[in-house]
Amino acid sequence: MTESFISTKDRIISTAIEIISDSGISQLTTKTVSLKANISEPLLYKFYGDMNELLVDVVDYYFKFDNTVEKTVRAKKGRYIDKIMTYVETYATYYDSYSELCTLMLQFEELLHNASTREKIVEGMNNRRDFLITLFDGAIDKGELNIPLTSRQLADSVMGYFLMDSFNRRITYNSWTYKKCICEFTKNLLGLSINNDKN
C-alpha cells in the first residue's frame with residue numbers, strides 16, 4: 001500500500017514537471033495532470049487539494065538533492081577550484097539526465113508570484129548561491145583564483161549561465177550536453193585549460 005502511494009505520488013510530480021516543461025505552469029490543471037499520468041481526477045485529489053499544493057512538491061523536488069550535493073562537495077579533498085567543478089558537474093549531469101527539470105528555472109518568475117512557492121524558490125536559490133559564494137571565497141582566500149571578480153559575481157555568473165543555457169536549449173538546437181556547456185564556461189571563467197576536456 002505504501003509503495004503504491006509513493007509511486008503514484010512520484011508519477012504525479014514527474015507528470016507535472018513534464019507539463020510545465022512542455023506547456024508552462026498555466027497548463028497545469030487537474031485535467032491535464034490526470035490525463036497525462038493516466039489516473040482519475042478523484043485519485044489525484046487524494047494526493048493534492050489543488051495545483052498549488054502540487055507546485056510546492058514540484059519545487060521541493062527541484063531542490064531535493066541540494067543538501068546531499070553540498071555534503072559531497074564539502075567532503076571532497078583538494079582545491080576549492082576542484083570543489084567548484086564538482087558542484088557544477090553534478091548539477092549539469094543531473095539536468096542532462098532530467099532535462100525537463102532544468103526547464104523549471106525558466107518558470108521562476110511565475111513561481112515567485114505564487115504565494116505557495118515563493119519562499120521555497122527564494123530559499124532554495126539563495127542557498128545554492130550562498131554555497132557557491134563560499135566555494136569561491138575559499139578559492140580566492142587560498143590564492144587559487146586571482147581574477148578581478150568578487151566571489152558573489154563569480155557565483156552569479158555560474159548560476160546565470162545555467163539559466164541562460166536552459167533558455168537557449170528552448171529556442172535552438174544544441175548538440176553539446178548540458179555538462180559540456182556549463183563545464184567549459186566554468187573552466188573559462190576560472191581561467192582553467194579546457195584542452196583535455198573529455199566531457
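This section describes helix packing and pockets in a predicted model. Local features required pLDDT of at least 70 and side-chain atom pairs counted only at pLDDT 80 or more, whereas totals for chains, interfaces and linings use all residues. Residues are numbered from 1 along each chain as its sequence is written, and side-chain values use heavy atoms, with hydrogens and water left out.

Helices are DSSP runs (H or I, at least four residues), numbered from the N terminus. Axes are lines fitted to C-alpha atoms over the stretch in contact, and angles run from 0 to 180 degrees between N-to-C directions. Helix α5 spans residues 66-75 and helix α6 spans residues 80-97. Their axes lie 9 Å apart, at an angle of about 150°. The pair is therefore roughly antiparallel, a label for angles over 145 degrees. The crossing of α5 and α6 is right-handed (the near helix is turned clockwise from the far one by less than a right angle). Contact means heavy atoms within 4.5 Å. On the α5 side, D66, V69, V73 and R74 take part. They meet K83, T86, Y87, T90 and Y91 of α6. Four residues of this contact are nonpolar, two polar and three charged. In this scheme, Ala, Val, Leu, Ile, Met, Phe, Trp, Tyr, Cys and Pro are nonpolar, Asp, Glu, Lys and Arg are charged, and the others, Gly among them, are polar.

Helix α5 also packs on α9. Here the angle is about 5° and the axes are 11 Å apart. The two helices are therefore roughly parallel, the term for angles under 35 degrees. D66, E70, V73 and R74 of α5 meet G124, N127, R128, F131 and L135 of α9. The contact of α5 with α9 holds three nonpolar, two polar and four charged residues.

Helix α11 covers residues 178-190, and its axis comes within 10 Å of that of α10. The two axes cross at roughly 150°. This makes α10 roughly antiparallel to α11. The crossing is again right-handed. From α10, the contact draws on L154, S157, V158, Y161, F162, D165, S166 and R169. From α11, Y178, C181, I182, F185, T186 and L189 take part. Nine residues of the α10 contact with α11 are nonpolar, three polar and two charged.

Pockets were located on a 1 Å grid over the protein atoms alone, with a 1.4 Å probe; a pocket is an open set of points with protein on both sides within 12 Å along at least five of seven lines, and lining residues have an atom within 4 Å of a point. Volume is the space filled by probe spheres set on the points, which are joined across faces, edges and corners. The largest pocket has a volume of about 340 Å³. Its lining comprises 19 residues. M105, F108, M125, M159 and L163 lie nearest the centre. Helices α6, α8 (108-112), α9 (118-141) and α10 (151-171) each supply at least two lining residues. The largest share, six residues, comes from α9. By class, 15 lining residues are nonpolar, two polar and two charged.

The second largest pocket has a volume of about 240 Å³. Its lining consists of V59, D60, F63, K64, D66, N67, E70, K120, E123, G124 and N127. Two or more of these come from each of α4 (51-62), α5 and α9. Helix α9 gives the most, with four residues. This lining has two nonpolar, three polar and six charged residues.

Notes
Angles under 35 degrees count as roughly parallel, over 145 as roughly antiparallel, 65 to 115 as roughly perpendicular and the rest as oblique.
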